[in-house]
Amino acid sequence: MNSFRRSPPSPSALKWLGLVTAIWVQSISGNNYTFSNYSAALKSLMNLSQLQLNNLSVAKDLGKAFGLLAGLASDRLSTSLLLLIGSIEGLIGYGAQWLVVSQKIKPLPYWQMCIFLCMGGNSTTWMNTGVLVTCLRNFRKNRGTVSGILKGYIALSTAIFTDFCSALFSDNPSSFLALLSLVPFAVCLAAILFLREVPRSADDETEEFKYFWVLNAVSVAVAVTLLVFDSIPNPNSFLSRIFCIVLLSLLVSPLVIPLHSFLKNKGGSGEVAEALLAGESGADNAVEGKPVIGEDHTIVEAMKTFEFWIMFVSFLCGVGTGLAVMNNMGQIGLALGYDDVSIFISLMSIWGFFGRILSGSASEHFIKKAGMPRPLWNAASQILMALGYILLAIAIPGSLYIGSIVVGICYGVRLAITVPMASEVFGLKNYGMIYNVLILNLPLGSFLFSGLLAGILYDMEATTTKTGGNTCVGAHCYRLVFVVMACSCAIGFAMDSFLAFRTKRLYSKMRALKR
């Protein structure tokens, strides 16, 4: 018994425990995508035009631009401090919005609301940076799979928050904002205890594959549970409570993986010097001058490459247009005759999860089997997304259901693929900073496609209301917006295809190393 107490947890058990707590953090850090759940309340309380409301969503997404601070801090501060900063900032940002929507205080001046929405948006950059950098370093051989799982839970977090609020508080926007401020704060405090970078260990690849299979199965079960609950019309209080219990049980269940790993490997440290993959292989072949693709880059070195700017612009075409749909879903639904848009928000969230988790695992599989460049997955998603926007522009019956699913899937693919791809092309050493520069596309895309394109074109079609705001009803309200975004996706397809050609040699080398 005494020897058992003295046995330290193996690195394998610690990294799996860290991944499970990272999943919990990601499950509550997709609050940036929930603006449509309470935007109508803000618009009504503050008497805003659609352009003003869209600019509030831009302020929220602008918080991502300050993610550069999290990127700079990721190599200087511990994961625990990154999580603590993000959780406190989210508590303040969403807490202030709750005070306004719950009418505990009078509506704040517009510029102050912009600041608090920006803080809420920025809070997730600290959480996501800490989680992604730590987990990709802990699971260097399975970056695509890990990225797909983590990004998948971010997608589900929107549905988790939305459905929990619906089950417990009947879609009350005030209660929803209370959840957004308090739950991430509590979860991050728990994750601070367990999520950290651990020494590399000699893990059994077959065992790792089984663990990932379990995590994927649990995540699919979570998504199916959310879909089933969304399909029930007006669930009663008993069914709502059962849903909450099942969902919480599923989120806790992955703890069996680190427990199994600990019991199997207790007493042995298992540290090894393992073969390095792309992004680290340049250490033995370093030459004077700039690094080549696949070696570690600083952010300045990365920004001097053609590949970085292809990745940046193609990312903008995908995530910028997707964000515009998410931010405007409340008004898109109303324009097409739907009073309650929560089902469409949940559909984008859940199918975004499937896009992330399937593309992450599938892209990893095809790299090992055939050296298939990850950018090809992004290229395919751009074409499918363009078709989704054309369907939304036509506005046939049921098109919003299909369009929400298509946009969710393609947006998910884009995020899940770009995260590991950036680490493979530019290395893991300065990944925190490179990642946060790339996601500047979120506020930039939100400003261009949501704040300017959607806001201005909607207001051109809308009529002024007696209270000083405006409204628009009909398929024409967003038709031109969807057409422009479809053209943007076509440009993104061309750039992703070219990037796949540029990185073909890198992924061929990775295939050889993985095999």
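Hi everyone. A word on the ground rules: residues are numbered from 1 along each chain as its sequence is written. Because the model is predicted, local features need pLDDT of at least 70 and side-chain atom pairs count only at pLDDT 80 or more, while totals for chains, interfaces and linings use all residues, and side-chain values use heavy atoms, leaving out hydrogens and water.

So, confidence. pLDDT is the predictor's confidence in each residue, from 0 to 100. The chain averages 84, with 91% of residues at 70 or more. Helix α16 (residues 375-394) has the highest confidence, at 94, and helix α1 (residues 2-6) the lowest, at a mean of 46; helices here are DSSP runs of H or I, at least four residues, numbered from the N terminus.

Now, how many cavities of 30 Å³ or more are there? The structure has 4. A cavity is a set of points, on a 1 Å grid over the protein atoms alone, where a 1.4 Å probe fits but cannot get out; lining residues have an atom within 4 Å of a point. Volume is the space filled by probe spheres set on the points, which are joined across faces, edges and corners.

The largest cavity has about 110 Å³. Its lining includes Tyr33, Met326 and Arg356, and α15 gives the largest share, 5 residues.

The second largest cavity holds about 100 Å³. Among its 14 lining residues, Tyr33, Lys64, Asn128, Lys151 and Leu442 lie nearest its centre. Helix α7 gives the most to that lining, with 3 residues.

How values were computed:
Helices (H or I, at least four residues) and strands (E, at least two) are DSSP runs, numbered from the N terminus. On a 1 Å grid over the protein atoms alone, a cavity is a set of points where a 1.4 Å probe fits but cannot get out, and a pocket is an open set with protein on both sides within 12 Å along at least five of seven lines; lining residues have an atom within 4 Å of a point.
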